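The following briefing concerns a single predicted chain. Please consult the sequence and model shown below while reading.

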Amino acid sequence: MQNNIYKEVIEKIIESIDEGIHFIDKNGKTLIYNNAMAKLEHMNKEDVLNKSFKDVLKNMEIKNSTLLKVIRNKKEIKDNVQKYLNKDGKEITTINTTIPVEINGELIGALEVSKDMTQIQTLSEQIIKLNDIKENNRKNKTKEGYNFSDIIGESECIKKSINISKKATKSDATVFIYGETGTGKELISQSIHYESKRRDKPFIAQNCAALPESLLEGILFGTVKGGFTGAIDRPGLFEQANKGTILLDEINSMPLQLQAKLLRVLQERYVRRVGGTKDIPVDVRVIATTNENPVDILNEGKLRKDLYYRLNVIYIEIPPLRERGEDIILLANKFIKKYNYKLNKNLIGISEKGAKVLKNHFWQGNVRELENTIYSSMSLMENEDVLDEDMININEYKTNLSENTYIIDIGSKPLDWIIGDIEERYIHEALEKSGENVTKAAAILGITRQNLQYKMKKYNIRINR
C-alpha cells in the first residue's frame, strides 16, 4: 500500500516538471517518459513506453543517441546540446544531461533530462545575425552609437562618472560599470568606445543573462563544426570584436564555469572555439556591467573574485536618477524634444506642478523609466502645449497582497532592502495570480522566465508543488 503511494507521488512529480524525462533500462526498453518529453518530441507516450528505444528511433532520425551511448560506456554526459528532427520533421534543439543509473554497482539503465532550447537557439542565431548587420552598418557609417555629448546632467555625481569615463577613453584597460537598471550603462560604455582609439573598430554588446551557459559560450567564443551535434564553423563575438570593444552586460548573471573561461581569455588574450583545439589571438577591450552592488555579488558568490579584480581596473559607478534631482527636468525636456518630432507634437515644456510630480517620483527604472513616462504621457495628449501634472502617466509602485497599501517607513531599513522587499512582494503576488506557474508569473511581471527564477532564488521563494 505504502509503495503504491510512493509510486503515485513520484509519477506526479515527474509529470509536474517542465523538463523532459526519459529512462530506459539496460536493454533499451523505455520505462519512464513524461508528458514534457512527449510534447518536446511530438510523440504519443503510448508509442514510446514499454517499447524498444531502438525501434522508436527509426521514426525520429536522431543521431548518436546519448541514452544508448551512456548504456554502452556507463559514463555521464552533461549539458550536451543536441539537434534532431522530431517525428513531424521539425528541428529541435535541446540541452540534455544523461546519466547511468546503477544499484549496488550494477547498471540498470540510463536517465536523460532534456530542456527545450529551440526558441533560445533561434534567438542566439538572430543575435549573431544582428551583430553581423551592426558590423556592416559600422563599415558604412562614420558614426555609430552614443558619445559623451549625448549624456545630459548637471549634478555633481553624474559629472564625476562622466569625468572618470572620459579618462577611460585614453587607455585600453578593462572597465567595470555598476549602475541600477535604466541608469545608462550602455550609453557610458558606447561613449568610452566611440571616443577611444578603437572608435573605428566594432563595438559589440551581449547580455549575459539572456542565454544559458551552453549557448552563451558558443556565442562568445565561437563554435567548430562537429564540436557538438548541429555545430557549425562560426566565429564568436570576441573574434568579431577584434581590435574593438565588447560589452558584457549583467556579468553577474554569467555562470561561474563560463566566468573561469572568460578569465583565461582576458589573461591569455586568445579564444578557443567550442569543440576546437586551435587558439585564436584576439585584441579586444572588455567593458563589464552589473545592475547589482559589486560588494553584494562578490559576497553572494555570483562573481568570481579573480575575474572581478581582472575586470575592475577602471571602476565607474553611475548614480540612480533619484540622486540626480536637478537633472530630472533637463532629461524630461530632452525627451519632450525627441518625441515632439516622433509624435508630431508641439509641447513647449512642463508646468510647475508637472515638474514637481516628476521630481517627487522614486524612478525605480531610472532614466529609462523617465523616458517611457514622457513618451507614454505625450502619446495620450491631444492639443495641449504644456505637460501638466494630470497628464503625466506614471505607474505607481503599490502592492495588492493585502488591502493595505505597502507604506515605506523611511529610515527603518537601507534603500536596497526596501527595494528588494517591494520586488519580493510583487513576485509573490504574480506567483499567486498565476497559480504558481513560473512562466505565467514571468509574463505578468514582464520579465523572462530565467530572470524570474534567478530572483526567486535570490529571495528564497519556493513554489508549493
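Glutamate 19 counts as partly exposed because its relative accessibility is 25%, where buried means under 20% relative accessible area, exposed means over 50%, and partly exposed lies in between (1.4 Å probe, protein chains only). The side chain of glutamate 19 meets that of lysine 115 in a salt bridge, with 3.4 Å from N to O; the term denotes a side-chain nitrogen of Lys or Arg within 4 Å of a carboxyl oxygen of Asp or Glu. The model is predicted, so local features need pLDDT of at least 70 and side-chain atom pairs count only at pLDDT 80 or more, whereas totals for chains, interfaces and linings use all residues. Residues are numbered from 1 along each chain as its sequence is written, and side-chain values use heavy atoms, with hydrogens and water left out.

**Salt bridges**

- Lysine 115 lies in strand β5 (residues 106–116) and glutamate 19 in the loop between α1 and β1 (20–25), so this pair ties together parts that are 96 residues apart in sequence. Helices (H or I, at least four residues) and strands (E, at least two) are DSSP runs, numbered from the N terminus.
- Lysine 115 is partly exposed, with a relative accessible area of 33%.
- By the cut-off stated above, the count of salt bridges comes to 20.
- Another salt bridge joins lysine 45 to glutamate 15, with the closest N and O atoms 2.8 Å apart. Lysine 45 lies in the loop between α2 (35–41) and α3 (53–57) and glutamate 15 in helix α1, so parts that are 30 residues apart in sequence are tied together.
- Glutamate 15 has a relative accessible area of 30% and is therefore partly exposed.
- Aspartate 283 and arginine 269 also form a salt bridge, their closest N and O atoms being 3.2 Å apart. Since aspartate 283 lies in the loop between β10 (279–281) and β11, and arginine 269 in the loop between α10 and β9 (270–272), the pair ties together parts that are 14 residues apart in sequence.
- Both partners are partly exposed: aspartate 283 at 24% relative accessibility, and arginine 269 with a relative accessible area of 38%.
- A network of salt bridges links Asp172, Lys197, Arg198, Lys243, Arg269 and Asp283.

**Chain overview**

- The chain contains 18 helices and 14 strands.
- Of its 465 residues, 43% are buried.
- Among contacts in the chain with a separation of 6 or more, 65% involve residues 24 or more positions apart; a contact means heavy atoms within 4.5 Å.
- The accessible surface comes to about 25,800 Å², and 48% of it belongs to carbon and sulfur atoms. Accessible areas come from the Shrake-Rupley method with a 1.4 Å probe; for residues, only the protein chains shown count as cover.

**Nonpolar cores**

- The largest nonpolar core has 32 residues, and those with the most contacts inside it are Leu220, Phe238, Ile246 and Ile251. Such a core is a set of buried Ala, Val, Leu, Ile, Met, Phe, Trp, Tyr and Cys residues joined through side-chain atoms within 4.5 Å.
- At least two residues of this core are supplied by each of α8 (213–221), α9 (237–240), β8 (245–249), α10 (256–268), β11 (285–290), α11 (294–299) and α12 (305–311). The largest share, 5 residues, comes from α10.
- Leaving aside neighbours within four places in sequence, the contacts of isoleucine 251 include Phe176, Cys208, Leu262, Ala288 and Leu311.
- Apart from this core lies another, of 21 residues, among them Leu321, Leu347, Ala355 and Ile392.

**Strand pairing around β8**

- Because 4 of its 5 residues are buried, β8 is largely enclosed by the rest of the structure.
- Strand β7 (residues 203–207) pairs with β8 in the parallel sense over 5 bridges; pairing requires that DSSP finds at least two bridges between two strands. Asparagine 207 stands opposite aspartate 249 in β8.
- β8 and β11 run parallel and are joined by 4 bridges. The bridge partner of threonine 245 is arginine 285 in β11.

**Contrasting positions in two helices**

- Serine 189, in helix α7 (residues 185–194), counts as buried at 0% relative accessibility. Not counting residues up to four places away in sequence, serine 189 touches Ile177, Phe203, Leu247, Ile287 and Thr289.
- Valine 9, in helix α1 (residues 2–16), counts as partly exposed at 41% relative accessibility.
- Together, Ile5, Val9, Ile13 and Ile17 form a nonpolar surface patch with about 320 Å² of accessible area. Patches are made of residues with over 30% relative accessible area and no salt bridge, like charges being joined within 9 Å and nonpolar side chains (Val, Leu, Ile, Met, Phe, Trp, Tyr) within 5 Å.
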